[in-house]
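Hi there,

Here is the structure I promised to pass on to you. Have a look at it first, and then read on for what turned up in it.

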Amino acid sequence: MDKCFALKDETCQVISTWVKQQCNDCPFHRSPEELAESQSIANARLAGLDKDKQKYIAETYYKKEMPWLGGGK
């Protein structure tokens, strides 16, 4: 199994009580490739929203930036 993106120093950064030996059972486990694919899908979804919704999401969750558009505002 690929090393999970969240595993740092044998400790999960998503659920701090999980360690490497438990990664196979973790519902949050993602390889770096799976994480990139998931982020790409999410970015495409956000980019497809109307501009007002994108602006609201950017202001609420992303410090007014729109990383799904390549970091532009």
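Of the contacts between residues at least 6 apart in sequence in the protein chain, 25% link residues at least 24 apart. Please keep in mind that this is a predicted model. The elements follow the order β-β-α-α from the N terminus, giving 2 strands and 2 helices in total. The chain has 73 residues, and 22% of them count as buried. Its accessible surface is about 5,700 Å², with 51% of that belonging to carbon and sulfur atoms.

A word on confidence before the details. The mean pLDDT of the protein chain is 82, with 79% of the residues at 70 or more. Helix H2 (residues 51-61) has the highest mean, at 96, while strand S2 (residues 11-12) has the lowest, at 74.

Which residues make up the largest nonpolar core? There are 6 of them: Leu46, Leu49, Ile57, Ala58, Met66 and Trp68.

Helix H2 is where I would look next. Its residues Gln54, Ile57 and Ala58 are buried. Because these three cover an arc of only 100° around the axis, they sit on the same side of H2. The spacing of such residues has a simple background: an α-helix has 3.6 residues a turn, so residues three or four places apart point the same way. Helix H1 (32-47) is included in what covers the buried residues of H2. On the face of H2 turned away from the buried side you will find Asp52 and Tyr56, which are exposed.

Both ends of H2 have something to show. After the helix comes Lys63, with a positive phi near 50°.

Lys63 is not a glycine, yet its phi is positive at about 50°. Lys64 is not a glycine either, and its phi is also positive, at about 70°.

Finally, have a look at Val14, in the loop between S2 and H1. Its relative accessibility is 39%, so Val14 counts as partly exposed. Leaving aside neighbours within four places in sequence, Val14 is in contact with Phe5, Ala6 and Phe28. How far apart in space are Val14 and Cys26? Their C-alpha atoms are 10.0 Å apart, and the two are 12 residues apart in sequence.

Best wishes

Methods:
Residues are numbered from 1 along each chain as its sequence is written. This is a predicted model: local features need pLDDT of at least 70, side-chain atom pairs count only at pLDDT 80 or more; totals for chains, interfaces and linings use all residues. Side-chain values use heavy atoms; hydrogens and water are left out. Helices (H or I, at least four residues) and strands (E, at least two) are DSSP runs, numbered from the N terminus. Buried means under 20% relative accessible area, exposed over 50%, partly exposed in between (1.4 Å probe, protein chains only). Contact means heavy atoms within 4.5 Å. Accessible areas come from the Shrake-Rupley method with a 1.4 Å probe; for residues, only the protein chains shown count as cover. pLDDT is the predictor's confidence in each residue, from 0 to 100. A nonpolar core is a set of buried Ala, Val, Leu, Ile, Met, Phe, Trp, Tyr and Cys residues joined through side-chain atoms within 4.5 Å. The arc is that of the directions from the helix axis to the C-beta atoms.
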